[in-house]
Amino acid sequence: MNSIKLRVNGKEVTGQVEGRTLLVDFLRKDLRLTGTHVGCDTTQCGACVVHVNGEPVKACAMLAAEADGAEVATIEGQANADGSLSVVQQAFQDHHGLQCGFCTPGMVMAATALLKENPKPSEAEIREYLDGNICRCTGYHNIVKSIMAASGQDVPAMAAE
Amino acid sequence: MQNFEFVRPTSVADAVAALKGDEAQPMSGGQTLMPTMKARLAAPEILVSLTAIDEMKGVRKDGDQIWIGGGTTHATVARETAESYPALSSLAGRIGDPSVRSRGTIGGSIANNDPSACYPAGALGSGATIVTDRREIAADDFFQGMFMSALDEGEIVTAVKFPVPQKAIYQKFIQPASRFPLTAVFVAHFGDTVRVAVTGASSDGVFRWTEAEEALQGNFSADAVSGLSVSAAMMISDLHGSGAYRAQLTKVMTQRAVAALA
């Protein structure tokens, strides 16, 4: 077993993990932070995206032991201190950026990482960035609109397809 | 995934020592190895993580070359070579997706030598030097066929040194589900020489299309390769494309690369 100590959503946590324990399993089973979803477990769907030291990472493709000493952010830590939704979360609600909601934690974490790196992305840049996040419901258009809105850009100006 | 002993050394020397055992496996970003272990296609007894070795990270000038630590992620390479070597930055910035680029590393990609990976084309096309814990190997000698390289058991890629061409470009035709190249070509123009490296196409892994290099050295235009053809015999043939299709793509992507640079 490996002893790990990391910060998750700003709080210090410790744990004992096997070598093979995935970061996503540590978050969901040990910390009971079940907002991070496992869609495929084969590194393709992006439902498990969290931030590790500020960068988006698929938590099903990283060992918990690799997160020792890291700063991890999950969907549970995205809301503002007063409990109101983050700008990205609110935009997903306002623009119907979700239907069943399964992919949403990963989408929100990916979108938040994108806007940190590129505060005013074009529609094409958003679609390119979401390469690793699969949604079975929305057809992506409302997700892209939500991210455009979250970045303060005009949504109706987007081309309809 | 089968369980294993996990070790995370902080120096190259400690990593090499940890890899001495028969059943020890190095892992860098793990974006290939983790899915492989989940599928039980690999089951090491000891997993030696290379992610905590600071001396294997970073991008810096080394004379007229660019030194990139083997443990440097694709995202970092994309960001830090944007001005010094834009073609390499563009290659790194299009591998997989953003989450893969946060973890996957140049050393891991090169050591694995997947026949459809991007970095082998960038390294071979640039005439890079692969630096390991014990020696330096020219890219021309390093890549030795599908998933095969000059690395010995327990030897790790600690850095890659890139000469910077006058101009270069990476033209990738993706397989849209996997985002890997169906066929991609890295063309580098050094003034007196031209190098053309092709990935995704051959069942021998990355290769130099020397016939095109010779033609382009005399006449750097897309027309120079229009009369050439690549043999389909050694090409990968699968449900995504036949060998003949990949052979044709090799030529077309080379022409597109040259047209974009000329």
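Contact means heavy atoms within 4.5 Å. This is a predicted model, in which local features need pLDDT of at least 70, side-chain atom pairs count only at pLDDT 80 or more, and totals for chains, interfaces and linings use all residues; side-chain values use heavy atoms, without hydrogens and water. Residues are numbered from 1 along each chain as its sequence is written, with chains lettered from A and ligands numbered from 1 in written order.

Q: Which residues does Ser202(B) touch, not counting residues up to four places away in sequence?
A: Ser202(B) sits in the loop that joins strand S11 (194-199) to strand S12 (207-208) of chain B (strands are DSSP E runs of at least two residues, helices H or I runs of at least four, numbered from the N terminus). A polar atom of the Ser202(B) side chain is 2.9 Å from the backbone nitrogen of Asp204(B). Beyond four places in sequence, the residues touched by Ser202(B) are Pro115(B), Phe207(B), Met234(B), Met235(B) and Ile236(B).

Q: Which three residues of chain B lose the most area to chain A?
A: The contact involves 22 residues of chain A and 26 residues of chain B. Buried area, the accessible area (1.4 Å probe) that two parts lose on being put together, summed over both, is about 2100 Å² between chain B and chain A, with 50% of it on carbon and sulfur atoms. On the chain B side, 25% of the buried area belongs to the three residues that lose the most, namely Phe6(B), Lys38(B) and Arg103(B).

Q: How far apart are the closest N and O atoms of the salt bridge between Arg179(B) and Asp131(A)?
A: A salt bridge puts a side-chain nitrogen of Lys or Arg within 4 Å of a carboxyl oxygen of Asp or Glu. The rule finds five salt bridges across the interface of chain B and chain A. For Arg179(B) and Asp131(A), the closest N and O atoms are separated by 2.7 Å.

Q: Which element supplies the largest share of the side of chain B that touches chain A?
A: Four elements of chain B each give at least two residues to the side that touches chain A: helix H2 (33-38), strand S3 (46-49), helix H3 (74-80) and helix H5 (98-103). The largest share is five residues, and the element supplying them is H5(B).

Q: What are the three residues of domain 1 of chain A that supply 39% of the area it buries against domain 2 of chain A?
A: An automatic or database domain assignment divides chain A into domain 1 (2-77) and domain 2 (87-150). Contact is made by 17 residues of domain 1 of chain A and 16 residues of domain 2 of chain A. The two domains bury about 1200 Å² between them, 64% of it on carbon and sulfur atoms. More than any other three residues of domain 1 of chain A, the suppliers are His37(A), His51(A) and Ile75(A).

Q: How many salt bridges are counted between domain 1 of chain B and domain 2 of chain B?
A: Chain B is assigned domain 1 (5-49), domain 2 (54-163) and domain 3 (167-261), and the C-alpha centres of domain 1 of chain B and domain 2 of chain B are 19 Å apart. Eleven residues of domain 1 of chain B contact 17 residues of domain 2 of chain B. About 930 Å² is buried between these two domains, 63% of it from carbon and sulfur atoms. The salt bridge count between domain 1 of chain B and domain 2 of chain B is zero.

Terms used
A polar contact is a pair of N or O atoms within 3.5 Å; within protein, one must be able to donate a hydrogen and the other to accept it, and residues adjacent in sequence count only if both atoms are side-chain atoms.
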